[in-house]
Amino acid sequence: MALKYSNKINKIRTFALSLIFIGFIVMYVGIFFKSSMWLMTIFMLLGLLCIVASTVVYFWIGMLSTKAVQVVCPSCQRHTKMLGRVDMCMYCNESLTLDPSLEGKEFDEKYNRKQKES
Ligand SMILES: [Zn+2]
């Protein structure tokens, strides 16, 4: 499977950022429905909702960041934050692991899921 993995914190940040954009686009679209008061209101509310959701996500990243483990990437020597047992470097997408038994293994998101069960 050609699924591209990236650092989790970065991924959530990108998601939050796109929510802001979506929010603004939806609000902008609402302006075109000026003739219909309720349609415009719905678009405005939807846009606002996206922006509110994005702030919530940003807040959530802040919470996650405090729990994230700071490690030095073996590949690019930069400080990166990782979530869970396996994650990717924020800068070079090098796979990182906190579990020595998983070291050298193919990166797999499943390792994070397994951890939750136990
Ligand atoms: Zn790196």
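Which residues does Glu94 touch, not counting residues up to four places away in sequence? Let's work towards the answer.

## About the model

This is a predicted model, in which local features need pLDDT of at least 70, side-chain atom pairs count only at pLDDT 80 or more, and totals for chains, interfaces and linings use all residues. Residues are numbered from 1 along each chain as its sequence is written.

## Around Glu94

Glu94 sits in the loop between β3 (86-88) and β4 (95-97). Strands here are DSSP runs of E with at least two residues, helices are runs of H or I with at least four, and both are numbered from the N terminus.

Now for the answer: Glu94 touches Cys73, Pro74, Ser75, Cys76, Met88 and Cys89. Contact means that the C-beta atoms of two residues, placed from the backbone, lie within 7 Å. Tyr5 is 89 residues from Glu94 in sequence, yet their C-alpha atoms are 9.8 Å apart in space.

## Helix α1

Helix α1 covers residues 8-31, and its 24 residues should span 34 Å at 1.5 Å a residue; the end C-alpha atoms are 35 Å apart, which agrees. That expected span is 1.5 Å times one less than the number of residues.

Lys8, Leu19 and Gly30 are buried in α1. The buried residues of this helix pack against α2 (37-67) and β3.

Conventions
Buried ≥ 20, exposed ≤ 12 C-beta atoms within 10 Å, placed from the backbone.
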